[in-house]
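The following briefing concerns a single protein chain. Please consult the sequence and the structure alongside the text.

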Amino acid sequence: MGGSGNSVVRNVEDFVVRVEDALTASPVGRALIERYLEGWHEIEVEVVRDNAGNSLAVCSMENIDPMGVHTGDSIVVSPVLTLTDREWQMLRTAALKIVGVLDIRGACNVQFALSPDGLEYYVIEVNPRASRSSALASKATGYPIARMAAKIALGMNLTEMTNPVTGAGSALSEPALDYVAVKIPSWPFDTFPQADPSLGPRMKATGEVLAIGLNFAQALVKACRSLERGRNMPDKRMRSWGTRKLWEQITAPTNLRLEAITELLRRSSSTVDEMARRTHIRNILLNSLTRYSLLKNISKRMGLSTAMLFLQGCTDCR
């Protein structure tokens, strides 16, 4: 659970050690070795299918961090913001076909890895159950996935149920969001400072917060404040850090990578294009973080209400 025993290796020496660790962690003494899709983007689709074969994509979710960081440790945004319509329809169609071929009846989460050019994808895993992502999707959309899956298990079909979001029409209608939901993990590193804060395929988060806003930047602001970690973005405590130390939090990602990114952007020590190239985070999301840094200056000089109005005007990342 949570990626226990998982790791990324780049040389033979580490490979031997990590495989031994994986075999030790495995109850059946087996290890799975796969290609590392470095720089690829992780997309999730939450699907509900009934006994008659009717299915819908309830929610789309996009990890801010690229492949290599466990989805439980990644910032997640819903709906997807950076995909073209062709890319989204390709993944949506694949998810519905997968659920149909497996004859899943109820809730199912399908996770994809999408290449940077959007021309190729792999299926990471298929979870034929209500999962942590299902709870996130339900909260983000208002569509009660677990309850609908329970009704399907009792023999009801989606066409026979009322749309639980609107209260009218069929439950087969896919939710259409006019807002953005952002999930940020919560880590225990403040309580356990001796723990390794690096992020990878092993999940280390012990909780998460979800915030809803008119756009990505606004939802991100609310989620960060909800964490109540005593940190802001950009973090004033990082102003004394050297550029090299900040990059160390990003290139080998830690729980402070988001604060380090916004501090570098605040200093103009890095352009958005350079940051996107080195982190594999999409430009449109980094542009929102740049506006976030500007927001801090606005709120400090002109007041929080003016800052929130500024965020409401940032409509190009919805």
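**Structural briefing**

This is a predicted model, in which local features need pLDDT of at least 70 and side-chain atom pairs count only at pLDDT 80 or more, while totals for chains, interfaces and linings use all residues. Residues are numbered from 1 along each chain as its sequence is written, and side-chain values use heavy atoms, with hydrogens and water left out.

**The loop between β1 and β2**

- D50 is located in the loop that runs between β1 (41-49) and β2 (55-63); strands are DSSP runs of E of at least two residues, helices are runs of H or I of at least four, and both are numbered from the N terminus.
- D50 is buried but forms no salt bridge, and the nearest side chain of opposite charge, R49, is 6.2 Å away.
- Buried denotes under 20% relative accessible area, exposed over 50%, and partly exposed in between (1.4 Å probe, protein chains only).
- A salt bridge requires a side-chain nitrogen of Lys or Arg within 4 Å of a carboxyl oxygen of Asp or Glu; Lys and Arg count as positive and Asp and Glu as negative, whereas His and the chain ends are not counted.
- The D50 side chain reaches the backbone nitrogen of A52 at 3.0 Å and the backbone nitrogen of G53 at 3.1 Å.
- Neighbours within four places in sequence aside, D50 is in contact (heavy atoms within 4.5 Å) with R105, I152, M156, N157, L158 and T159.
- G53 belongs to the loop between β1 and β2 and is partly exposed, with a relative accessible area of 34%.
- The C-alpha atoms of G53 and G100 are 6.9 Å apart in space, although 47 residues separate the two in sequence.

**Helix α2**

- The 17 residues of α2 (residues 85-101) should span 24 Å at 1.5 Å a residue, which agrees with the 24 Å between its end C-alpha atoms; the expected span is 1.5 Å times one less than the number of residues.
- The buried residues of α2 are E87, W88, L91, A94, A95, L96 and V99.
- Their cover includes β1, β2, β4 (106-114) and β5 (121-127).
- D103, which follows α2, has a positive phi, near 55°.

**The largest nonpolar core**

- The largest nonpolar core has 33 residues, and V182, I184, F216, L220, I261, M275 and L286 have the most contacts inside it.
- Such a core is a set of buried Ala, Val, Leu, Ile, Met, Phe, Trp, Tyr and Cys residues joined through side-chain atoms within 4.5 Å.
- I261 touches I250, M275, I281, L286 and L289, not counting residues up to four places away in sequence.

Methods
A polar contact is a pair of N or O atoms within 3.5 Å; within protein, one must be able to donate a hydrogen and the other to accept it, and residues adjacent in sequence count only if both atoms are side-chain atoms.
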